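This report covers one protein chain. Please look at the sequence and the model before reading on.

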Amino acid sequence: MLTRAATPQVGGPPPTVSLGPVQALGATRFMAFGDSITCGVISSFNDPMLFVPSNCNEPVFSYPRQLRGVLTNSFPTQAFTVANEGSPGEWALNALNTGRFLQAVGSQRPQGLILLEGINDLNNGRSISGTVDALRQMIDIAGLYNTTVLVSTMFQTCVASFPDGSIRQNSSDKITAFNSAIVNMAAGRQNVYVVDLYGAFGTGNCDASGGINLLGHDGLHPTSSGYARMATTFTSALTNVFAVRGSYQ
């Protein structure tokens, strides 16, 4: 589900209005910004070891790379770029303080920005309000470049038990409050949309049978299937936001 401002965009147009099919997108240059989840770090299916790529453009299963593929297949007459600006372990706060976010937006000049970050802040004890304020500052910076922002909610993470006996909470008890704060922060902002990744993953991630498919055993990083779900979710969101209907040449 995609929302703008405080009111979810649900339902369809009045019966007398026909929008017609989407012929193309009004933007082709996108950037995905975030942490290891954007980069494409994956938790092994059989153990909690992580596959950490040396370059965020390497993993074929990363959601930005899959997203570009789905967009290209959907609109073959257009040439899309989806820059992967993931940085494993990064806090949203650090993305601001180091200038990495500003540099990425300034150099890439994306027409559309997908923003998914903050879980590392929460996992390291930063407050929900402080984390969401960092996201707000990113959105404000993007607005200076006339960039449309699709800020994402976080999928439900899970408590994970590791072979050495350690337990990782993964801020699983903070996710719904974090997502609500994101929605409230984005409300009323021009050219800012909320993508409901939490809803796209569903609430069964932590069930014995539900989490294996989309979420790895570390309780935090998606599987290849999870990344594919992210790609289709963001494709739908971009299509809704940048839809071009009618004749297109």
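**Basis and confidence**

The model is predicted, with local features requiring pLDDT of at least 70 and side-chain atom pairs counting only at pLDDT 80 or more, while totals for chains, interfaces and linings use all residues. Residues are numbered from 1 along each chain as its sequence is written, and side-chain values use heavy atoms, with hydrogens and water left out.

The protein chain has a mean pLDDT (the predictor's confidence in each residue, from 0 to 100) of 87, and 84% of its residues reach 70 or more. In residues 5–13 the pLDDT falls below 50, and this stretch has 14 contacts in the model beyond near neighbours in sequence. A contact here means heavy atoms within 4.5 Å. Where pLDDT is low, predicted coordinates should not be read in detail.

**Overall make-up**

Ten helices and 13 strands make up the secondary structure of the protein chain. These are DSSP runs numbered from the N terminus, with helices being H or I of at least four residues and strands being E of at least two. The protein chain has 249 residues, of which 47% count as buried; buried means under 20% relative accessible area, exposed over 50%, and partly exposed in between, with a 1.4 Å probe and protein chains only. Of the contacts in the protein chain between residues at least 6 apart in sequence, 77% join residues at least 24 apart.

**Disulfides**

Two disulfides are found in a search of the whole structure, a disulfide being a pair of cysteine sulfur atoms within 2.5 Å. With the bonded cysteines of the protein chain numbered in sequence order, the pairing is 1-2, 3-4.

| Disulfide | S to S distance | S-S torsion |
|---|---|---|
| Cysteine 39 and cysteine 56 | 2.1 Å | about -100° |
| Cysteine 158 and cysteine 206 | 2.1 Å | about -95° |

The disulfide of cysteine 39 and cysteine 56 is left-handed, because its torsion is about -100°. This pair links distant parts of the chain, 17 residues apart: cysteine 39 is in helix α1 (residues 36–39), and cysteine 56 is in the loop between β6 (50–51) and α2 (63–74). Cysteine 39 is buried at 0% relative accessible area, and cysteine 56 counts as buried at 13%.

The disulfide of cysteine 158 and cysteine 206 is also left-handed, given its torsion of about -95°. Cysteine 158 lies in the loop between β9 (148–152) and β10 (160–161), and cysteine 206 in the loop between α8 (197–201) and α9 (211–214), so the pair ties together parts 48 residues apart in sequence. Cysteine 158 counts as buried at 7% relative accessibility, whereas cysteine 206 is partly exposed at 44%.

**Helices α6 and α7**

Two packed helices are described by the angle and the distance between their axes. Helix α6 (residues 128–144) and helix α7 (residues 175–186) have axes that come within 10 Å and cross at roughly 35°. Axes are lines fitted to C-alpha atoms, for helices over the stretch in contact, and angles run from 0 to 180 degrees between N-to-C directions. On the α6 side, Ile128, Thr131, Val132, Leu135, Arg136 and Ile139 meet Ala177, Phe178, Ala181, Ile182 and Met185 of α7. By class, this contact has nine nonpolar, one polar and one charged residues. Ala, Val, Leu, Ile, Met, Phe, Trp, Tyr, Cys and Pro count as nonpolar, Asp, Glu, Lys and Arg as charged, and the others, Gly among them, as polar.

**Single residues**

Threonine 38 is in helix α1 and counts as buried at 0% relative accessibility. Leaving aside neighbours within four places in sequence, its contacts include Phe33, Tyr63, Asn84 and Leu116.

Glycine 26, in the loop between β3 (22–25) and β4 (29–34), counts as exposed at 51% relative accessibility. Its C-alpha atom is separated by 5.9 Å from that of valine 244, 218 residues apart along the chain. Not counting residues up to four places away in sequence, glycine 26 touches Gln111, Phe242 and Val244.

Most residues other than glycine have a negative phi. Asparagine 170 has a positive phi of about 55°, and serine 171 has a positive phi of about 50°. Asparagine 170 is in the loop between β11 (167–168) and α7, and is buried at 2% relative accessible area. Serine 171 lies in the loop between β11 and α7 and counts as buried at 6% relative accessibility.
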